[in-house]
Amino acid sequence: MKRIIVSAIAVVLIAMSFASCYDPLSATNQKSTNASDATTSGESEKAKAKKVKAEDYEKTFEGLYDYMKDSGFITVDENKSNVVKMNVKLIGAEKGYKYTMGNIRIELYAFNLKGENKTRDKILDSVKKDGTYTIYSQVIPAYLTDDGKFMMIYANPDVREGDTTSDAYLNMQKAVKAFKKF
């Protein structure tokens, strides 16, 4: 019985990892996504010592990336093997990348809010209302900046439902709080 439960949990976790906007048939997603370990303690010490303010960054996708990286939530390997360009058309975004650091997966998306885009509007409305959106029959928790221009997906299998005290959960909350300040 325990094996069945463990197998079911494993299937759900695997399905959730593939439920993002990753398009395996896209040529831009053919590179390896094997992640390196999370930041070394020296790097995270530097990030903590440096006061990072969202106001100091340009309100662009690149600015968001720099802000999250400087805050210590995103790291990129030298050969960028832990970065995947996402198929943003699936959610109506303009830009999107997935960053994998050990167990942690952070996806950042930028939306052009001008003009008509039914896909974008459906996704953003759902995230504003429920904090989730559905793609490939999977419900994906997501976070928006106040202006709705940027979206973040934060996934860590170490964060369990109902857990509000683990280090994994507390780190997730710090990342979400920092993201929302942007």
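Asp121 has a relative accessible area of 30%, so it counts as partly exposed. Keep in mind that this is a predicted model. The side chain of Asp121 forms a salt bridge with that of Arg120, at 2.9 Å from N to O. Arg120 is at 3% relative accessibility and therefore counts as buried.

How many salt bridges does the rule give? The count is 3. Another of them joins the side chains of Arg105 and Glu107, with an N to O distance of 2.8 Å. Arg105 and Glu107 are both buried.

Then there is Lys95 with Glu62, a side-chain salt bridge of 2.3 Å, N to O. Lys95 sits in strand E2, residues 95-101, and Glu62 in helix H3, so this pair ties together parts that are 33 residues apart in sequence. Lys95 counts as partly exposed because its relative accessibility is 32%. Glu62 also counts as partly exposed, at 39%.

Now a polar contact. Thr145 is in the loop between strand E6 (143-144) and strand E7 (150-155). Its side chain makes a polar contact of 2.6 Å with the side chain of Asp147. Is Thr145 buried or exposed? Its relative accessibility is 4%, so Thr145 counts as buried.

Last, the surface. Lys51, Lys53, Lys177 and Lys181 form a positive patch there. Of these, Lys51 belongs to the loop between helix H2 (41-49) and helix H3 (61-70). Lys51 counts as exposed because its relative accessibility is 74%, and the cut-off for exposed is over 50%.

That is what I have.

How values were computed: Residues are numbered from 1 along each chain as its sequence is written. This is a predicted model: local features need pLDDT of at least 70, side-chain atom pairs count only at pLDDT 80 or more; totals for chains, interfaces and linings use all residues. Side-chain values use heavy atoms; hydrogens and water are left out. Patches are made of residues with over 30% relative accessible area and no salt bridge: like charges are joined within 9 Å, nonpolar side chains (Val, Leu, Ile, Met, Phe, Trp, Tyr) within 5 Å. Accessible areas come from the Shrake-Rupley method with a 1.4 Å probe; for residues, only the protein chains shown count as cover. A salt bridge is a side-chain nitrogen of Lys or Arg within 4 Å of a carboxyl oxygen of Asp or Glu. Lys and Arg count as positive and Asp and Glu as negative; His and the chain ends are not counted. The place of a charge is taken as NZ of Lys, CZ of Arg, CG of Asp or CD of Glu. Helices (H or I, at least four residues) and strands (E, at least two) are DSSP runs, numbered from the N terminus. Buried means under 20% relative accessible area, exposed over 50%, partly exposed in between (1.4 Å probe, protein chains only). A polar contact is a pair of N or O atoms within 3.5 Å; within protein, one must be able to donate a hydrogen and the other to accept it, and residues adjacent in sequence count only if both atoms are side-chain atoms.
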